[in-house]
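Dear colleague,

Please find below the structure that I am handing over to you, together with its sequence. My notes on it follow directly after.

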Amino acid sequence: MSEGPLWDTGRVTVPTEATLPGLTARPGRPFGVYVHVPFCATRCGYCDFNTYTPAELGGANPQGWLEALRTELRLAAAHLGVAPQVQTVFVGGGTPSLLGADGLVAVLDAVRHNFTVAPGAEVTTEANPESTSPQFFARLRAAGFTRLSLGMQSTAPHVLAALDRVHSPGRALDAAREARVQGFDHVSIDLIYGTPGETDDDLMRSADAAVAAGVDHISAYALIVEDGTALARRVRRGELPAPDDDVLARRYELLDARLADAGFDWYEVSNWARPGGRCLHNVGYWEGGEWWGAGPGAHGYVDATRWWNVKHPNAYAETLARGALPVADFEQLDADTSHTEDVMLRVRLRSGLPSALLSAPERLRAARAVDDGLLRRDGERLVLTDRGRLLADAVVRDLLS
């Protein structure tokens with residue numbers, strides 16, 4: 001599961017012929033590079049990400065994708081003029097580990113060739129546990145990767161089966177331990193809760209196993225039945241029940257309590273970390289940072305402009321072969337839209353939403369949320385309460401209504 005921002009706001013799309021306006025990164029904001037690897041060995045039943053199995057590629061291949069990526073990064077640096085220093089790099093997908101260690105090192109080399117990567121930068125890759133090994137981790141660590149995000153979802157075989165996950169229940173845990181032995185101080189595991197057939201005990205055993213594997217970060221997401229997925233078709237046919245909101249809320253509370261007991265603090269509604277273990281790349285998204293999104297379907301955001309690339313790897317490569325950035329479209333955010341997104345993202349953080357960002361009417365609505373026990377005041381910031389975290393989307397809607 002990719003870590004990254006989700007956008008659900010009103011937008012006015014600017015017609016474009018794959019031509020971005022001039023962009024200048026704003027000083028003082030963190031800047032990252034996100035690279036999207038669109039390849040998967042199989043498609044999980046719940047996934048609606050921009051990924052492709054070999055049967056769906058129609059001739060695209062990792063080597064051709066890598067050559068196109070190098071071209072995009074070169075054009076990106078030229079488009080930015082004076083490219084800002086990169087504080088974080090995140091390689092997501094898809095299944096980046098299908099590139100192998102050499103392929104991932106080539107991706108990082110391409111970023112370094114075109115951008116200045118800051119000393120001590122956070123460099124993350126996602127990985128499917130089945131496509132890793134101790135040698136894989138050793139090669140990545142030696143090349144400068146500093147953080148790994150492993151997709152586990154659950155240790156319960158029947159839960160993995162319902163999600164169409166192909167890895168064995170224990171492989172993600174072994175991979176986490178192998179990565180630690182090879183020098184990775186920062187290892188994250190993804191969990192999904194609320195899968196049909198899952199029990200409270202299934203989730204607790206998965207959480208306990210992740211903690212015991214020595215990871216310093218855990219992301220946990222409620223199962224969402226996305227339109228167009230195999231899971232959605234099974235739910236529609238009545239083969240599986242839809243996730244129950246009350247069950248999801250209880251599972252979240254159980255998970256939060258168990259992770260807190262193990263020394264993990266929540267720092268975003270769906271993310272917990274030991275001290276020093278936060279994902280800085282994602283924090284950049286949530287705190288108003290900027291990034292270049294490279295690869296098929298990737299989104300970028302610089303200078304109040306957000307864009308998204310063409311989705312299919314073939315179209316992506318063909319556009320770059322013509323010497324053009326592979327931009328499908330873009331939007332320029334006005335002050336109101338930027339404000340909406342700022343509130344939407346910052347309120348999800350444990351560091352809270354600065355009261356100064358709110359208008360006078362919004363501060364009155366925030367006061368009501370405090371009285372209702374959904375927000376609490378922490379100095380000049382507003383922070384979700386435990387109950388407020390369960391209703392975070394509703395809190396945002398009420399603040400901005």
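Tyr-193 is buried, because its relative accessible area is 6% (buried means under 20%, exposed over 50% and partly exposed in between, with a 1.4 Å probe and protein chains only). Tyr-252 also counts as buried, at 6% relative accessibility. This is a predicted model, in which local features need pLDDT of at least 70 and side-chain atom pairs count only at pLDDT 80 or more, while totals for chains, interfaces and linings use all residues. Residues are numbered from 1 along each chain as its sequence is written, and side-chain values use heavy atoms, with hydrogens and water left out.

Aromatic contacts

The structure holds eleven aromatic pairs. Rings of Phe, Tyr and Trp (for Trp, the six-membered ring) pair if their centres lie within 6.5 Å; planes under 30 degrees apart count as stacked, over 60 as edge-to-face and the rest as tilted. One of the pairs is formed by Tyr-193 and Tyr-252: the ring centres are 6.5 Å apart and the planes stand at 55°, so the pair is tilted. It links distant parts of the chain, since Tyr-193 lies in strand β5 (residues 186-193) and Tyr-252 in helix α9 (residues 245-261), 59 residues apart. Helices (H or I, at least four residues) and strands (E, at least two) are DSSP runs, numbered from the N terminus.

The rings of Trp-292 and Trp-307 form a tilted pair as well, with centres 4.6 Å apart and planes at 55°. Trp-292 belongs to strand β9 (residues 290-294) and Trp-307 to strand β11 (residues 305-309), 15 residues apart. Trp-292 is buried, with a relative accessible area of 0%, and Trp-307 is buried at 0%.

Phe-136, Phe-137 and Phe-184 form one aromatic cluster. Over the ring of Phe-184 sits the charged end of Arg-141, 5.8 Å from the ring centre (the criterion is NZ of Lys or CZ of Arg within 6 Å of the ring centre and within 35 degrees of the ring normal).

An open sheet

Three strands form an open antiparallel sheet in the order β13-β15-β14 (two strands pair if DSSP finds at least two bridges between them). Its edge strands, β13 (353-354) and β14 (375-378), each pair on one side only. Strand β15 (residues 381-384) pairs with β14 over four bridges, in the antiparallel sense, and Arg-376 stands opposite Val-383 in β15.

Kind regards
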